[in-house]
Amino acid sequence: MFDLLFVLGLIATGYIIGTWAERRHYRSIERREREFIRLPAVTLKKLDAGSPPVESAVMVCGSAVVSVDYFKRILASLRNIFGGTVKSYESLIDRARREAVLRMKASAEGTSLILNVRIETSAIGRYANKKGVASIEALAYGTAVTFKREGAAFHTG
Amino acid sequence: MKYTPRLPQRNVNVTPGSPLRDFLVLLLGLTAILVGLYFLLGLAVNLIVPWLPMDIENRLAAPIVRRVVVKKDVPGQEAEVQRLLDYLQTECTDLPYRFTIHVSDNPHVNALALPGGNIVVFSGLLDKLKSENELTFVLAHEMGHYAHRDHLKGLGRALVFMTLSAVVFGSDNPLANFLSHGLYVTELNFSRDQETAADEYALVALNCTYGHVSGAGEFLRKIDEGDGGGNGGHYFSSHPETSERIAHLKDFAKMNGLDAGPLAPLPADFNL
């Protein structure tokens, strides 16, 4: 009986705290996305012919690890029986990817744009114990390009 | 190419809708399917059980008996009860079982029909008895369950239950462990119809042994007064309401011309 109550308690705690944490994370993501809106991150591999001369190009990356809560896990395992869209993991992956892109942008602060952006996702901690509490990692990387400013271009010839 | 900074209007990567609603729908759907499967497989068990060969039942019995029966019991009582049981088996019934009695030191007023002809009588029940007739009725009632193979039906359903829970939740999870504690009770629960049929079987055997059916009603009334259906517990709570049972036995006795008569005393060395 105690075991059953324990499981129900975990589910309820997972739902309440998990939902709260997720909302908070989304608010933070949206705020930072507005902050970084002037720094484009694009998937293009090359610059346009007419773009300004490049001063520097460095690789930047950002990664984020987000864990699933107990409620989401139970919901997903129920979903595994019947099939269909696993809604409870969608927000998880969405958050991890956007967070990773934001961290990449944070590490590229001061540059002009990020080229060739790629995002990769992997599950970690899946087999850390038999219960398989999964976390996902999203890794975003790209090439941060800084254009020469007009004046500077004149000086360096 | 000109870059125009803007944020997406809505998030297409996350399906809208409450996860709680999803959770409830899935949970209810799963429960409904499992309950349906449980009833269907339960029906299948009832159909299959009468065809189960005796040697398979005996093989099934060993681990269950080992779990329920603790061997530190009262040998004198056990021998007396076994004697009554043997008499019933040879003179009044002809069931394809080799019956073995186990007296268990347990305050519950209860008797169990385990597979393979292993009858467990709790000492709490023996303490309540006033006559040999009552004891014979209890034994014959259990034999009635064997005659209809009710004990295997309960066991089969419990097996279905365990299998379903293992399939859905995995073999080692808190919920399955919690449920398996209840297995011990589940496997020994009988339906009202099964109890009534076993009562009728017992009454006929009682009449065969003593030439009358006194003792049956007395025993049932005692169970009712002593425990109010409560402590009589696991076993008697699933039996039909006692007054209904007694009334039914009276009707049954009248219909079949079974009479009352003097009660035989318990064996001398019984209540030590």
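This is a predicted model: local features need pLDDT of at least 70, side-chain atom pairs count only at pLDDT 80 or more; totals for chains, interfaces and linings use all residues.

Student: OK, how many residues of chain A and chain B are in contact?

Tutor: On the side of chain A there are 28 residues in contact, and they meet 25 residues of chain B. The area buried between chain A and chain B comes to about 2400 Å², and carbon and sulfur atoms give 72% of that area.

Student: And how many salt bridges are there between chain A and chain B?

Tutor: Between chain A and chain B the count is two salt bridges, whereas a search of the whole structure, over all chains, finds 16.

Student: Which side chains meet in them?

Tutor: R79(A) and D22(B) form a salt bridge with an N to O distance of 3.4 Å, and K87(A) pairs with D22(B) as well, at 3.6 Å from N to O. K87(A) sits in helix α3 of chain A while D22(B) belongs to helix α1 (residues 19–48) of chain B, so this pair joins two chains.

Student: What about polar contacts across the interface?

Tutor: The rule finds three residue pairs in polar contact across the interface of chain A and chain B, with both residues at pLDDT 80 or more.

Student: Which helices of chain A supply the side that touches chain B?

Tutor: At least two residues come from each of α1 (2–35), α2 (70–82) and α3 (87–107) of chain A. Of the elements on that side, α1(A) gives the most, with eight residues. Sorted by class, the side of chain A that touches chain B holds 15 nonpolar, two polar and eleven charged residues.

Student: Switching to the sheets: what is the strand order in chain A?

Tutor: Chain A has an open sheet of three strands in the order β1-β3-β2, and the pairing is antiparallel. The edge positions are taken by β1 (54–67) and β2 (113–124) of chain A, each with a single partner strand, so one side of each has no neighbour in the sheet. From one strand to the next the twist averages 15°.

Student: Over how many bridges do β1(A) and β3 of chain A pair?

Tutor: β1(A) and strand β3 (residues 135–147) of chain A pair in the antiparallel sense over 13 bridges; in that region S56(A) stands opposite T146(A) in β3(A).

Student: Which helix lies across that sheet?

Tutor: α3(A) lies across β1, β2 and β3 of chain A, and its direction is at about 150° to β1(A).

Student: Now chain B: is the pairing in its sheet mixed or antiparallel?

Tutor: The pairing in chain B is mixed, in an open sheet of three strands with the order β1-β3-β2. Here β1 (100–104) and β2 (111–114) of chain B stand at the edges with a single partner strand each, so each has one side left without a neighbour in the sheet. The twist in this sheet averages 20° from one strand to the next.

Student: In which sense do β1(B) and β3 of chain B pair?

Tutor: β1(B) pairs with strand β3 (residues 118–122) of chain B in the parallel sense, over five bridges, and the bridge partner of H102(B) in β3(B) is V120(B).

Student: And which helices lie across the chain B strands?

Tutor: Helix α2 (residues 54–68) of chain B lies across β1, β2 and β3 of chain B and runs at about 155° to β2(B), while helix α5 (residues 132–147) of chain B lies across β1, β2 and β3 of chain B at about 30° to β2(B).

Conventions: Residues are numbered from 1 along each chain as its sequence is written. Chains are lettered from A and ligands numbered from 1 in the order in which they are written. Side-chain values use heavy atoms; hydrogens and water are left out. Contact means heavy atoms within 4.5 Å. Buried area is the accessible area (1.4 Å probe) that two parts lose on being put together, summed over both. A salt bridge is a side-chain nitrogen of Lys or Arg within 4 Å of a carboxyl oxygen of Asp or Glu. A polar contact is a pair of N or O atoms within 3.5 Å; within protein, one must be able to donate a hydrogen and the other to accept it, and residues adjacent in sequence count only if both atoms are side-chain atoms. Helices (H or I, at least four residues) and strands (E, at least two) are DSSP runs, numbered from the N terminus. Ala, Val, Leu, Ile, Met, Phe, Trp, Tyr, Cys and Pro count as nonpolar, Asp, Glu, Lys and Arg as charged, and the others, Gly among them, as polar. Two strands pair if DSSP finds at least two bridges between them. Axes are lines fitted to C-alpha atoms, for helices over the stretch in contact, and angles run from 0 to 180 degrees between N-to-C directions.
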